[in-house]
Amino acid sequence: SDTFETVIYNGMNHEQQWLQKIVDQIAERYLQLQGFSFAPSSDNILMWLGFEGNGEWVARQWNQAMKICSDHEGISVGRGIGQSWLQDRYKWPYLRDALVGHGVMVGRLETMVAWTKLMNVYEATISAIKRAILRADGGPGYVMTRIAYANEHSALLRFIFLGRQVVDANPQVKLAQVQVVKQAAAEAILNAGGALPYYQGIDRGHGIWLENEIGALGMKVIRNLKQTFDPGNILNTGMLLRL
């Protein structure tokens, strides 16, 4: 998690029982003494690590990971945060509905990007999202990012943005506000060298950028395949292809 998601997660993690809050306060004070801060102005980040396998192999991975983190001035915060994430990870997506219900604009966008281009995509996308939120009358906005998946060559960046929702009874107006921000983010990602398809592929919400990603020839191939195998246009009607 980048600095801004770390700040949010730290705040959310405090919504616990009184005993856990005391433990969190002690841990936070300890981190402050070590020079770490949860303030948005800091450049601290949070990284979850987990390994699965037989005991000997897992122990080796932990030892190697801890050495790498220590070499880069990282500090272990114990298992509590990881265990809390495991317990609550399926609750987080439902926060979107609660936030929308309280007048908060919420959106998400993901990109798979090569490590060599990752920082350019990260910085360009955050900048574009904040400008777009401001233009869409969403206030200064807030963007948090994490590396959700990674391999040897590339990583998946997940952007979640928050802003002030427009006051309008029409849901389409509120949806249009989110789409303005997503449009700006998608263009920034593509211009900086990222790819919109991620591990599930492009979904319905981002289908308007499919041709940007695969080109006119790619669209022609997909249309021909669908017309060949689904001439009645029964499957996924109107999802990605407007046939």
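A salt bridge is counted here when a side-chain nitrogen of Lys or Arg lies within 4 Å of a carboxyl oxygen of Asp or Glu. The model is predicted, so local features need pLDDT of at least 70 and side-chain atom pairs count only at pLDDT 80 or more, while totals for chains, interfaces and linings use all residues. Residues are numbered from 1 along each chain as its sequence is written, and side-chain values use heavy atoms, with hydrogens and water left out.

Searching the whole structure turns up eight salt bridges. One of them joins D97 and R96, with N and O 3.7 Å apart. D97 is partly exposed, at a relative accessible area of 48% (buried is under 20%, exposed over 50% and partly exposed in between, with a 1.4 Å probe and protein chains only).

E56 is exposed, with a relative accessible area of 59%, whereas R60 is partly exposed at 45%.

K67 and D71 form another salt bridge, with a closest N and O separation of 3.0 Å. K67 and D71 are likewise four residues apart in helix α3, or about one helical turn, and both are exposed.

Finally, a network of salt bridges links R108, E110 and R158.

Definitions and conventions:
Helix = DSSP H or I, 4+ residues; strand = E, 2+ residues; numbered from the N terminus.
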